[in-house]
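Hi,

Here is the structure I promised to pass on.

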Amino acid sequence: MQKFIPSVLVAAISMSLTACIKSEKQDEKVEINKNPYPSTYQVLPQQTTIIRNATVLTGTGERIDNADVLMINGKISQVGKNIAAQSAAVIDANGKWVTPGIIDVHSHLGVYPSPSAESHSDGNEATQPNTSEVWAEHSVWPQDPGFNRAREGGITTLQILPGSANLFGGRGVTLRNVPSQTMQGMKFPDAPYGLKMACGENPKRVYGTKKVSPATRMGNMAGYRMAWAEATEYKRAWDKYEADYAAGKNPEAPARDIELDTLKGVLDGEIKIHNHCYKAEEMAMMIDLSKEFGYHAGTFHHAIEAYKIADKLAENGNCAAMWPDWWGFKMEAYDMIQENVAVVSSKANSCAIVHSDSATTIQRLNQEAGKVMYRANENGFDIKPKDAITWITANAAKSLGIDDKTGTLESGKNADVVIWNSNPFSVYAQAEQVFVDGAKVYDRFDENYQAVSDFSLGQQ
């Protein structure tokens, strides 16, 4: 009985405090708008269309000869042989090849428009090592003629990234490659944002020459760790605010920090990492860094030495975006093999990608993948077109977090489709017709589907 009395007192005091808390009037809850620049993309005019008698690479590892692809309401309806489709517009693709729309995970179109001029060179906020607060979409110039040239090469989706001068370069944005007056008119609805990070020589060179940290690779790591530690505390403060408010308290909201909003987005699993990182040991270190702070290390871009740690990348679920034969332009890009993509691709649970990082090679990303296939097979691999197409479609979509919407020709996916005049990995291959969400956005033989930017008017 003596033990019961204090318990009653504690309970009474607790109820009293709870009553006080519940009776306190709450201020209006502070909410952060995570999408202040929403997509305004509208599907262009489209109709039910069937492509007949083509060689189809589905992007799922399958090749179907003499097959049909049916597009209804902007979606892939069926892929197979002898599909019935009354009232559909028919495209005879006998002798031609059909693939999913090509996706480039690393582009600077719009932020480094072509032709290049200093006045519209807006891709690198090289003013401090951490510029997570900048968003590439705020530099995109939709009239960059490069978008039209890329569409002629079958590019239907592309991620625009800021540059690689900084440890944290800012947010990237994923766009539909359609003509538009505004960036938001191209913005891929509901695609996750990406955070550009950079390893190695670039940040230490840019800031080391200014006698500012980082000047070494250990300085790079220190900079990342300091930023993630700060972001962890920022997230903790907001999580506490949310929990206290939900409990009926009237907490004071943490001070808003736009730079830390982006890093918190990564910690919350809402923003994907895209890390410019060449060397094997640095990629491995970045995986360890992600484990220290509890996020996923995402995709390594320009991963020249990915073949050295292909097992580790697959084990940790990291994508690697690579060039077929571009290396040796600086020390960290020296130890390349031309089978790099194939080695990474050979591992179970791998995610190998061919990317461009170029306003010119984006126009023939299919042939960039073809180079890898040729060199790999020359050195003992057995890569088929049905496999190689995944490097520029399905795996790229996975890297960007949009693989539930595009990247393969499967029922229910967006009807992003390219009709090629021949095997897309041939040096003679040309995209003849390109569809985004079932709407034709390019036709090599019809000027009505050959968009021209204002910048190009009157030019030959």
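Predicted model: local features only at pLDDT ≥ 70, side-chain atom pairs only at ≥ 80, totals over all residues.

The mean pLDDT of the protein chain is 94, with 95% of its residues at 70 or more. Residues 1–21 are a stretch to treat separately: pLDDT stays under 50 there, and the model has two contacts beyond four places in sequence for them.

Now the core. The largest nonpolar core holds 84 residues, and Y224 and W228 touch the most other members. Helix α4, residues 217–246, gives the most to this core, contributing nine residues. Leaving aside residues up to four places away in sequence, Y224 touches L167, F168, M197, A198, C199, M286 and L289. There is also a second, separate core of 16 residues, with V56, A93, V98 and I419 among them.

Back to α4. Its buried residues include Y224 and W228, along with G219, N220 and D244. Among the elements that cover the buried residues of α4 are strands β8 (168–176), β9 (194–198) and β10 (272–276), as well as helices α3 (201–208), α5 (258–267) and α6 (280–293).

How far apart should the ends of α4 be? At 1.5 Å a residue, its 30 residues should span 44 Å, and the end C-alpha atoms are 43 Å apart, which agrees. At the start of α4, a side-chain oxygen of T216 comes to within 3.4 Å of the backbone nitrogen of M218. After the helix comes G248, with a positive phi near 95°.

Best wishes

Terms used:
Residues numbered from 1 in each chain as written. Heavy atoms only, no water. Core = buried A, V, L, I, M, F, W, Y, C linked by side-chain atoms within 4.5 Å. Buried < 20%, exposed > 50% of the residue type's maximum accessible area, 1.4 Å probe, protein only. Helix = DSSP H or I, 4+ residues; strand = E, 2+ residues; numbered from the N terminus. Contact = heavy atoms within 4.5 Å. Expected span 1.5 Å × (residues − 1). Polar contact = N/O pair within 3.5 Å; in protein donor to acceptor, adjacent residues only side chain to side chain. pLDDT = per-residue confidence, 0-100.
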